[in-house]
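Work through the exercises below with the sequence and the model side by side. Try each task before you read its solution.

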Amino acid sequence: PDAIDYGKLYKNRFGVLRRAVHRLGDAPAFAAFCREQDAWLEEYALYMAIKADCGMNAWYEWPSTLRRREPDALAKARARLADDVRFWKAVQYLFFSQWERLKTYANAHGILIVGDLPIYVSPDSSDLWAHGELFQTDSNGMPAAVAGVPPDAFSADGQLWGNPLYDWKRHAADGYAWWVRRLRAAAGVYDAVRIDHFRGFSDYYAIPAGAKTAAVGDWKPGPGLAFIKTIRREVPGLSIIAEDLGYLTPEVRRLLADSGFPGMKVLQFAFDSREESDYLPHNYTRNSVVYTGTHDNTTTRDWIDSAPPNDVAFAREYLGVGEDADFTLAMVRAALASVCDTAIIPMADWLRLGAQGRINTPSTLGGNWVWRMRAGEAGAGLRAAIRRLTKIYGRLPGSAGRPDAPGYPQPCPDRTAASVWRAGRGRPAILPRF
């Protein structure tokens with residue numbers, strides 16, 4: 001019950017979905033959805049239908065006529081696989097209609113949703129297959145260079161992610177239209193969006209396609225402030241969190257400051273006993289989001305057992321926590337007490353879970369993203385504790401200076417321009433809204 005079995009879902013869910021799609025028939029709402037989402041839905045559904053017909057192989061392993069998107073081959077595939085094309089459209093319709101009901105319910109109860117948007121797309125994606133001109137590709141439509149990060153103190157070979165890189169000049173030429181559509185779509189399903197690897201908008205690391213490691217590569221200029229200004233103008237109302245973790249150059253810091261987006265502070269990164277860290281709470285600024293740890297970190301309870309002893313000792317000294325004290329509670333208190341406008345505490349930390357509550361271990365395959373909270377774990381005692389701590393540190397809804405107090409604006413009901421309330425003290429507490 002506390003682990004998701006994705007293999008079982010993959011084997012069993014599609015049969016259920018096909019029955020649901022059959023029963024859906026020609027529902028008017030489905031037809032309207034297809035018209036409204038045509039800019040991406042038709043290509044995606046055709047891509048998935050062909051992919052399934054080709055044994056779920058990546059598009060670059062399909063027959064050459066389909067890889068190259070020859071019009072006659074696409075027309076024949078669209079006709080031959082019409083039922084499957086409709087199925088994949090309907091699956092999207094079912095998801096989005098269910099998600100809208102869930103989000104409406106959550107928003108009505110004062111809960112807003114933060115989504116996560118990767119900066120890059122997968123090499124095996126309908127984006128690259130259908131819009132190769134937007135990426136750095138060779139004459140065969142394959143990536144000419146791929147994403148990653150260079151070697152550092154933690155990895156002698158760097159990190160070879162393998163994602164296709166954008167042709168930023170091409171994007172700039174049409175006003176970043178693809179990115180505008182992408183972020184407008186995100187604004188429709190989330191109240192705020194955390195954009196991963198914000199640094200890539202300042203400069204990005206390009207690794208030649210076919211390289212075995214990330215040891216060979218070059219830094220290239222990203223789209224910079226022109227891109228940010230376009231997003232602010234074309235997607236008003238979307239609240240954005242910038243994932244600015246890792247090594248930051250002065251150029252990246254300047255772009256983040258100019259954007260107005262809040263950056264991230266992770267407490268588990270704060271206690272490197274060898275040097276002063278930007279992640280120590282006394283260095284925080286208000287326009288930031290603080291986490292005890294993110295989805296890529298282990299739980300706080302496991303951190304004190306697995307982190308270098310000197311770092312743990314420094315953390316205990318900094319937080320004033322003895323060997324017998326509740327270290328996780330001290331970390332939670334430090335996050336809530338900080339000046340950061342938003343504090344995010346993973347549920348596994350509220351539950352004091354060890355390594356079994358970890359969500360993801362970067363650069364590993366298998367066993368990730370499977371943890372889920374058991375029914376009943378968030379009992380009355382935990383609810384009372386969360387309420388007490390949020391009240392103590394001025395983050396309880398309705399407190400003085402909170403955005404839902406009289407006189408402050410309320411969440412926008414428009415799904416495409418929702419705002420996210422932030423836990424500021426003595427001032428309106430909302431994420432930057434443009």
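The exercises cover aromatic rings, charged pairs, cysteines and a surface patch.

This is a predicted model, in which local features need pLDDT of at least 70, side-chain atom pairs count only at pLDDT 80 or more, and totals for chains, interfaces and linings use all residues. Residues are numbered from 1 along each chain as its sequence is written, and side-chain values use heavy atoms, leaving out hydrogens and water.

**Exercise 1. Classify the ring pair of Trp-59 and Tyr-60.**

Step 1. Take the rule: rings of Phe, Tyr and Trp (its six-membered ring) pair if their centres lie within 6.5 Å; planes under 30 degrees apart are stacked, over 60 edge-to-face, the rest tilted. The structure holds 39 such aromatic pairs.

Step 2. Apply the rule. The centres of Trp-59 and Tyr-60 are 5.7 Å apart and the planes stand at 75°, so this pair is edge-to-face.

Step 3. Check the cover. Buried means under 20% relative accessible area, exposed over 50%, and partly exposed in between (1.4 Å probe, protein chains only). Trp-59 has 2%, so Trp-59 is buried. Tyr-60 has 32%, so Tyr-60 is partly exposed.

**Exercise 2. Where in the chain do Phe-198 and Phe-261 lie?**

Step 1. Start with the geometry. The ring centres of Phe-198 and Phe-261 are 6.3 Å apart with planes at 80°, so the pair is edge-to-face.

Step 2. Helices (H or I, at least four residues) and strands (E, at least two) are DSSP runs, numbered from the N terminus. Phe-198 is in the loop between strand 4 (192-195) and strand 5 (203-208), while Phe-261 is in the loop between helix 11 (250-259) and strand 8 (263-266). They are 63 residues apart, and the pair links distant parts of the chain.

Step 3. Check the cover. Phe-198 is buried at 1%, and Phe-261 is buried at 4%.

Step 4. Widen the view. Phe-198 and Phe-261 belong to one aromatic cluster, whose members include Tyr-120, Trp-168 and Trp-179.

**Exercise 3. Which ring does the charged end of Arg-182 sit over?**

Step 1. Take the rule: NZ of Lys or CZ of Arg must be within 6 Å of the ring centre and within 35 degrees of the ring normal.

Step 2. Read off the partner. Arg-182 has its charged end over the ring of Trp-179, 4.9 Å from the centre. Likewise, Arg-199 sits over Trp-219, at 4.0 Å.

**Exercise 4. Describe the salt bridge of Glu-42 and Lys-89.**

Step 1. Take the rule: a side-chain nitrogen of Lys or Arg lies within 4 Å of a carboxyl oxygen of Asp or Glu. A search of the whole structure finds 18 salt bridges.

Step 2. Check the distance. The closest N and O atoms of Glu-42 and Lys-89 are 2.5 Å apart.

Step 3. Glu-42 is in helix 3 (residues 38-53) and Lys-89 in helix 6 (residues 82-108), so the pair ties together parts 47 residues apart in sequence.

Step 4. Arg-78 joins Glu-42 and Lys-89 in a network of salt bridges.

**Exercise 5. How many disulfides does the structure hold?**

Step 1. Take the rule: two cysteine sulfur atoms must lie within 2.5 Å.

Step 2. Count. The structure holds 0 disulfides.

Step 3. Cys-34 is buried at 17%, and Cys-54 is buried at 19%.

**Exercise 6. Is Tyr-6 buried, exposed or partly exposed?**

Step 1. Locate Tyr-6: helix 1 (residues 6-24).

Step 2. Read the value. Tyr-6 has a relative accessible area of 42%, so Tyr-6 is partly exposed.
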